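Subject: A structure for you to explore

Hi there,

Here is the structure I promised to pass on. Have a look at it first, and then read my notes below.

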Amino acid sequence: MIEVRLPHTHFEDTGESIRLVWRETLYADFEKDELARVIKRKYRVKPAITARDGALLVDTDYPDVEKYIAIYIQNNLGALLRNRYTGRKVIYIHEGMDVPLLGYNAFGLIDRGTNLIQVRGVSGCNLSCVFCSVDEGPYSRTRKLDYVVDVDYLMKWFDEVARIKGRGLEAHLDGQGEPLIYPFRVELVQALREHPHVSIISMQSNGTLLNDRLVEELAEAGLDRVNLSIHSLDPDKARMLMGMKSYDLEHVLDMAEALVNAGIDVLLAPVIIFGVNDDEAEAFIEFARKIGAGKRWPALGFQNYIPYKFGRNPTIAKLVPFKDFYAWLRKLEEKTGMRPLVLKPKHFGMEKREFIPLSFRPGEIVKAEIVLPGRIKGEMLAKARNRLIEVINTDAEIGDRIKIRIVRTRHGIYIGTPI
């Protein structure tokens with residue numbers, strides 16, 4: 001019996017297939033019959049294949065089978081990778097693909113003209129919040145694939161952005177979904193901590209994937225703050241808002257306290273849907289005080305729900321103008337003594353910085369190469385001038401060179417239409 005083990009990997013027997021789970025967040029299914037055929041072509045035997053205790057077991061005594069099947073799996077892994085939480089196909093972006101990491105909203109780096117750089121190594125989410133602005137999660141009706149960016153490639157691009165933006169940067173790990181599904185989450189924090197231009201490392205998270213070991217690893221790696229998305233302190237309401245019956249509020253609350261105890265500051269970030277959870281505002285404040293949130297930064301960041309074109313917009317939501325929302329926050333400040341609740345960039349040490357120069361002008365016509373599929377129907381990603389362009393309403397295919405009219409350049413996110 002040959003036993004195959006690979007780094008950061010465990011194998012599971014799913015019946016007809018062997019499931020490889022890589023770094024807890026990604027998986028690939030290899031059909032047992034196909035693995036057996038691969039071995040038979042090489043060694044003239046067709047062994048039984050199973051998995052047990054995290055190892056792949058091949059019922060043969062040929063000593064070279066272990067190395068041979070390991071190489072086969074590694075060579076075919078990229079084409080089979082899927083997101084463990086969404087079940088969607090994953091495109092693994094690495095340096096050899098020469099895909100720019102500026103210009104697109106779902107992965108890479110985003111500069112909004114301050115000393116804060118958004119760092120997006122992954123797309124996808126393990127929850128399906130009823131108000132999600134990008135229709136993310138396992139129950140998404142519009143998102144058709146996910147991306148993972150190799151950590152070394154992500155840091156190579158961060159180096160270039162940091163050179164332009166200067167020192168004293170905040171690297172904020174966020175994304176269209178949950179950053180903790182990034183398979184290199186700890187390594188990314190470590191690399192950013194060692195970067196001479198980075199002063200603060202923060203993360204947006206729903207907290208469900210945290211555990212005591214991961215909290216300690218993130219603390220040791222140098223994570224400074226987690227903006228924690230908790231939208232209700234009532235378990236039933238929380239499950240409804242998070243869109244998952246499996247949502248464990250008690251676990252998330254425990255992890256909030258564990259973060260603080262590990263030296264990672266916590267900012268509670270509830271989305272307030274008036275008529276649904278606005279009556280819990282004082283309870284959020286009480287909980288923040290109880291766990292000691294907000295040691296270096298504000299303890300709470302209440303957000304006003306607003307609908308989005310491509311999001312999930314619940315009919316139960318009552319829309320409140322921002323003027324009224326801020327008045328509501330000021331009343332909370334007066335009543336509870338919790339300040340600040342009306343947040344400003346200065347509360348986070350944010351300051352204006354020059355934008356990374358735009359590569360395109362609105363209305364400009366550009367010839368670009370299609371390099372990746374997009375996340376929704378009719379969307380493809382094109383490359384030109386070392387930037388990505390989201391091309392909408394197109395039937396172009398990878399490898400095509402097409403003319404694009406640039407229709408949006410805000411914050412260096414480029415959107416174009418084919419002409």
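Which helix holds both Arg 37 and Glu 34, and how many residues apart are they? Both lie in helix α1 (residues 32-43), three residues apart, which is about one turn of the helix. Helices here are DSSP runs of H or I with at least four residues, strands are runs of E with at least two, and both are numbered from the N terminus.

Before going on, please keep in mind that this is a predicted model, in which local features need pLDDT of at least 70 and side-chain atom pairs count only at pLDDT 80 or more, while totals for chains, interfaces and linings use all residues. Residues are numbered from 1 along each chain as its sequence is written, and side-chain values use heavy atoms, with hydrogens and water left out.

**Salt bridges**

Side chains of opposite charge can pair when their charged atoms come close. A salt bridge is counted when a side-chain nitrogen of Lys or Arg is within 4 Å of a carboxyl oxygen of Asp or Glu. The structure has 28 of them.

One joins the side chains of Arg 37 and Glu 34, with 3.0 Å from N to O. Arg 37 is partly exposed at 36% relative accessibility, and Glu 34 is partly exposed at 26%. (Buried means under 20% relative accessible area, exposed means over 50%, and partly exposed is in between, using a 1.4 Å probe and protein chains only.)

Glu 95 pairs with Lys 156, their closest N and O atoms being 2.5 Å apart. This pair links distant parts of the chain: Glu 95 is in the loop between β8 (90-93) and β9 (108-111), Lys 156 is in helix α3, and 61 residues separate them. Glu 95 has a relative accessible area of 46% and Lys 156 one of 44%, so each counts as partly exposed.

Are Asp 146 and Arg 375 buried or exposed? Both are buried. Their side chains form a salt bridge at 2.7 Å, N to O. Asp 146 sits in strand β11 (residues 146-149) and Arg 375 in the loop between β18 (365-373) and β19 (380-384), so the bridge ties together parts that are 229 residues apart in sequence. There is also a network, in which salt bridges with shared partners join Glu 24, Arg 185, Arg 213 and Glu 217.

**Packed helices**

Two packed helices are described by the angle between their axes and the distance between the axes. Axes are lines fitted to C-alpha atoms, for helices over the stretch in contact, and angles run from 0 to 180 degrees between N-to-C directions.

Helix α3 (residues 151-165) packs against helix α4 (residues 185-193) at about 30 degrees, with the axes 10 Å apart. That makes α3 roughly parallel to α4 (angles under 35 degrees count as roughly parallel, over 145 as roughly antiparallel, 65 to 115 as roughly perpendicular and the rest as oblique). Where they meet (contact means heavy atoms within 4.5 Å), Val 151, Leu 154, Met 155 and Phe 158 of α3 face Glu 187, Leu 188, Ala 191 and Leu 192 of α4.

α4 also packs with helix α5 (residues 212-221), at about 15 degrees and with the axes 8 Å apart. α4 is therefore roughly parallel to α5. In this contact, Arg 185, Val 186, Val 189, Gln 190 and Arg 193 of α4 meet Leu 214, Glu 217, Leu 218 and Ala 221 of α5.

Enjoy exploring!
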